[in-house]
Amino acid sequence: MRRLPNRLAGALLSVLALTLTATGCGGSSRAASDTASEAASGAGADSATAQAEGSVANRVEPLARRPEPRLPVTVRSADGERVTVKGAERVVPLSGSLSEIVFTLGLGDRVVARDVTATFEQAARLPVVTRGHDVSAESVLSLRPDLVLAETTTGPEEAVDQLRAAGVPVLFVEAAKGLDDVGPRIQAVADSLGVPAAGKELTRRSEQRIEAVRAEVPHGEKPRVAFLYLRGSASVYLIGGEDSGAGSLIEAAGAVDAGAASGLGKDFTAITSEALVKAAPDAILVMSKGLASVGGVDGLVKIPGVAQTPAGMDRRIVSVEDGVLLNYGPRTDQVLESVVTQLYGEDGAR
């Protein structure tokens, strides 16, 4: 999956800490961070049990015309700094989502490293220099980058400072929260690479494809969909509320975010029978590796409270690959189409 939003990573670490305390197990904060990172990347999980209809193409589709960067350019970073980019021959995007944008702009041959969440085919063989939010400044610098692209959730701060102290331009891009962020994120990356026109073209293509899917969403009573974040191996079971990052996608699919609608003001909350009953979802949205980690649908309905919901009783589960579900980038139309198809069926039936 893509790097988790900062709010989810923080919630996950908190739940892990509580789990370690409750079970009497010791462990350093580094160990907890590593566990969270593994959960974020879905490492070791068997995705074979994920629903086939949840599949999204494992390749990005570059623009038909490869743009030629015009540099130098000076752009404003999301952290308020003005960043001058003199070259873009060796680019290091520090998230799977940012890597996807660079490759889709047609400049993937300039990318020299990847984040663990960049799992699409064109990037899969690049060296990994960051896992979760843990950036290895030494690994990045060893690749002699002339531009580093980072999320506003990227850290630790010391690593970023080390990169800038070495003279490497680091551009922060606002973390994705919903469909409205697709265009601005694409344009921010394109501008930093000196290909603003390509950014406009890719933004237009992405937004048109998303709108085409939205136009096909069935009308009628809106189903309630709860987003569950699951990592069975770490005993992490969370339900998304406001600001989980999934609300925009759920609403675009013509549904209601059941967690937010039930009054869950926090981004993520530990699953309880009471919370699920109150949310009363008609369907459950999950990441495919998370579903696999609890033993598929059979295991999911055994989580306390799930079987008592309409979604659990109907076994109505929507599963999408971890690496693209919350990316909000050039493949979001495919993600939305997958959600719509699974939610309503090929014929649009509820």
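Colleague: What should I know about the numbering and the model before we start?
Modeller: Residues are numbered from 1 along each chain as its sequence is written. The model is predicted, local features need pLDDT of at least 70, side-chain atom pairs count only at pLDDT 80 or more while totals for chains, interfaces and linings use all residues, and side-chain values use heavy atoms, with hydrogens and water left out.

Colleague: Are α3 and α6 roughly parallel or roughly perpendicular to each other?
Modeller: Helix α3 (residues 96–107) and helix α6 (residues 182–192) have axes 10 Å apart, at an angle of about 65°. Angles under 35 degrees count as roughly parallel, over 145 as roughly antiparallel, 65 to 115 as roughly perpendicular and the rest as oblique. The two helices α3 and α6 are therefore roughly perpendicular.

Colleague: Which residues of α6 make the contact with α3?
Modeller: Contact means heavy atoms within 4.5 Å. From α3, the contact takes in Ser-97, Leu-98, Ile-101, Val-102 and Leu-105. From α6, the residues are Arg-185, Ile-186, Val-189 and Ala-190.

Colleague: How many aromatic pairs does the structure hold, and what kind is the pair of Phe-103 and Phe-120?
Modeller: The structure holds two aromatic pairs, where rings of Phe, Tyr and Trp (its six-membered ring) pair if their centres lie within 6.5 Å, and planes under 30 degrees apart count as stacked, over 60 as edge-to-face and the rest as tilted. Phe-103 and Phe-120 are 5.2 Å apart, centre to centre, with 80° between the planes, and this pair is edge-to-face.

Colleague: Is Leu-179 buried or exposed?
Modeller: Leu-179 sits in the loop between β8 (170–173) and α6. Leaving aside residues up to four places away in sequence, Leu-179 touches Ile-210, Arg-214, Ser-248, Ala-252, Tyr-328 and Thr-332. Its relative accessibility is 12%, so Leu-179 counts as buried.

Colleague: What separates the C-alpha atoms of Leu-179 and Ala-246?
Modeller: Leu-179 and Ala-246 are 67 residues apart along the chain. Between their C-alpha atoms the separation is 9.7 Å.

Note on methods
Axes fitted to C-alpha atoms, helices over the stretch in contact; angles between N-to-C directions. Helix = DSSP H or I, 4+ residues; strand = E, 2+ residues; numbered from the N terminus. Buried < 20%, exposed > 50% of the residue type's maximum accessible area, 1.4 Å probe, protein only.
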